[in-house]
Amino acid sequence: MENRKILTGEKIVVKVGKLNIGGDNPPVLIAGPCAVESKKQVIDTALALKEIGVNILRGGAFKPRTSPYSFQGLGLKGLEYLREAGEKAGLPIVTELMDEKNLDAVAEYADIIQIGSRNMYNYPLLKTIGEIDKPILLKRGMSATIKEWIMAAEYIATFGNKKIILCERGIRTFQNYTRNTLDLAAVPIMQKETGLPVVVDPSHGTGIRELILPMSKAALACGANGLMIEVHTDPKCALSDGFQSITPEEYRKVVEDVKKYFL
Ligand code: PEP
Ligand code: MN
């Protein structure tokens with residue numbers, strides 16, 4: 001593929017604290033609620049996940065919701081709760097940055113900054129996070145081709161930041177049985193083309209909790225460098241994405257099952 005100066009396919013391992021992501025390192029487990037809803041929720045979840053063997057805690061404080069009337073996240077309070085939960089459990093945290101105005105706060109609190117699917121094409125935001133020294137989790141745009149996704153990563157890298165973890169989270173296709181179509185062929189393609197680690201998010205990728213286990217196995221079988229899964233202590237009462245969230249106990253089974261084969 002033409003026009004790439006930085007991400008030429010040479011292997012890049014991204015360090016997050018003591019964790020090495022990518023290359024020949026074992027897959028990483030990223031899990032947590034879609035959104036931080038309360039201090040108790042995120043602390044309870046973090047402690048349960050740590051015990052199961054999770055490596056990184058996720059949780060949205062600024063949520064990109066389709067409807068302006070849906071829960072938008074707790075904002076700065078959510079960041080504080082997430083960090084407190086991460087510290088209590090001894091886990092690094094990843095959270096989404098949607099708006100440049102929150103860059104300083106998110107960069108101060110988070111160990112990894114997530115750029116969500118809706119912002120993969122936000123070139124000013126990509127440039128901004130390219131200028132900071134912090135790992136980035138770059139989700140695939142929901143309608144992004146492989147080339148567009150590669151170029152979004154190249155944007156970040158070209159401004160100096162090569163600490164990029166890619167996340168396949170499904171794309172929109174004519175098929176609408178699942179929320180998105182999880183494009184697992186993208187995993188080995190993106191690894192080869194960019195050299196970057198690629199993790200898979202079967203929660204947004206399918207939108208169906210029963211599909212999380214089979215698609216997690218499939219993701220690891222095709223060489224994914226990690227899994228990002230939404231876990232909620234009470235999915236039916238979740239303020240966002242409850243239908244695709246699993247409980248810590250269900251998550252434990254997923255981890256035990258995939259570990260038998262791969263980890
Ligand atoms: C998320 O991970 O919380 C999220 C909003 O995902 P995406 O950007 O992939 O829709
Ligand atoms: Mn979600």
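Helix H8 (residues 212-221) packs against helix H9 (residues 248-261) at an angle of about 30°, and their axes are 10 Å apart. This is a predicted model, in which local features need pLDDT of at least 70 and side-chain atom pairs count only at pLDDT 80 or more, while totals for chains, interfaces and linings use all residues. Residues are numbered from 1 along each chain as its sequence is written, chains are lettered from A and ligands numbered from 1 in the order in which they are written, and side-chain values use heavy atoms, with hydrogens and water left out. Two packed helices are described by the angle between their axes and the distance between the axes.

**Helices H8 and H9**

- H8 and H9 are therefore roughly parallel to each other; angles under 35 degrees count as roughly parallel, over 145 as roughly antiparallel, 65 to 115 as roughly perpendicular and the rest as oblique.
- Axes are lines fitted to C-alpha atoms, for helices over the stretch in contact, and angles run from 0 to 180 degrees between N-to-C directions.
- Helices (H or I, at least four residues) are DSSP runs, numbered from the N terminus.
- The crossing of H8 past H9 is right-handed, meaning that the near helix is turned clockwise from the far one by less than a right angle.
- On the H8 side, Leu213, Ser216, Lys217 and Leu220 meet Val254, Asp257, Val258 and Tyr261 of H9; contact means heavy atoms within 4.5 Å.
- The residues of this contact comprise 5 nonpolar, 1 polar and 2 charged; Ala, Val, Leu, Ile, Met, Phe, Trp, Tyr, Cys and Pro count as nonpolar, Asp, Glu, Lys and Arg as charged, and the others, Gly among them, as polar.

**Helices H5 and H6**

- Helix H5 (residues 146-158) and helix H6 (residues 186-194) have axes 11 Å apart and pack at an angle of about 45°, which makes H5 oblique to H6.
- H5 passes H6 in a right-handed crossing.
- Ile146, Trp149 and Ile150 of H5 make the contact with Ala186, Ile189, Met190, Glu193 and Thr194 of H6.
- By class, the contact of H5 with H6 holds 6 nonpolar, 1 polar and 1 charged residues.

**Helices H1 and H2**

- The axes of helix H1 (residues 39-52) and helix H2 (residues 76-89) cross at roughly 30° and come within 9 Å, which makes H1 roughly parallel to H2.
- H1 passes H2 in a right-handed crossing.
- Among the contact residues are Val42, Ile43, Ala46 and Leu47 of H1 and Tyr81, Leu82 and Ala85 of H2.
- The residues of the contact of H1 with H2 divide into 8 nonpolar, no polar and 4 charged.

**Ligand 1**

- The residues surrounding ligand 1 include Arg58, Lys63, Glu96, Gln114, Lys139, Arg169, His204 and Met228, a residue being near if one of its heavy atoms lies within 4 Å.
- An oxygen atom of ligand 1 is 2.8 Å from an N or O atom in the side chain of arginine 58, and an oxygen atom of the ligand is likewise 2.8 Å from an N or O atom in the side chain of lysine 139.
- For arginine 169, a polar side-chain atom lies 2.6 Å from an oxygen atom of ligand 1.

**Alanine 107**

- Alanine 107 belongs to helix H3 (residues 103-109).
- Beyond residues up to four places away in sequence, alanine 107 touches Ile113, Ile132 and Lys134.
- From alanine 107 to lysine 134 the C-alpha to C-alpha separation is 7.4 Å, and the two are 27 residues apart in sequence.

Note on methods:
Helix = DSSP H or I, 4+ residues; strand = E, 2+ residues; numbered from the N terminus. Polar contact = N/O pair within 3.5 Å; in protein donor to acceptor, adjacent residues only side chain to side chain.
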